[in-house]
Amino acid sequence: MIGVGDEARCSVAEVQRIATAVLGRDDLRAEHHPGGFSNENWKLLDATGCRYVLKIGDRTMEAKWTSSLVAYE
């Protein structure tokens, strides 16, 4: 996994560990997305071109994250 983004609170190694555990893939390119108010956002791209967003933050933000998902649909 390759990481981009200097302002990230999480390290690339942490993002790789989490993304691999959640997605079961180790062929991801990670790019830190600096936008966000209360969470850490990472754009992920796998070798087949599938894109993902990894949000890392407090569980109290779950409702906000769910509304973000609905907005994209």
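The second largest pocket of this predicted model has a volume of about 200 Å³ (a pocket being an open set of points on a 1 Å grid over the protein atoms alone, where a 1.4 Å probe fits, with protein on both sides within 12 Å along at least five of seven lines; the volume is the space filled by probe spheres set on the points). Its lining, made of residues with an atom within 4 Å of a point, consists of R29, E31, K43, L44, L45, R51, Y52 and V53. Strands β2 (29-33), β3 (39-45) and β4 (51-57) each give two or more residues to this lining (strands are DSSP runs of E, at least two residues, numbered from the N terminus). Residues are numbered from 1 along each chain as its sequence is written. Local features need pLDDT of at least 70 and side-chain atom pairs 80 or more, while totals for chains, interfaces and linings use all residues, and side-chain values use heavy atoms, without hydrogens and water.

Turning to the strands, β3 and β4 run antiparallel and are joined by 7 bridges (pairing requires at least two DSSP bridges). K43 has V53 in β4 as its bridge partner. The hairpin has 5 residues between the strands, and G49 there takes a positive phi near 95 degrees.

A salt bridge (a side-chain nitrogen of Lys or Arg within 4 Å of a carboxyl oxygen of Asp or Glu) joins R25 to D27 at 2.7 Å, N to O. R25 also meets D46 in a salt bridge of 3.5 Å. This pair links distant parts of the chain, 21 residues apart: D46 lies in the loop between β3 and β4, and R25 in the loop between α1 and β2.

Methods. Helices (H or I, at least four residues) and strands (E, at least two) are DSSP runs, numbered from the N terminus.
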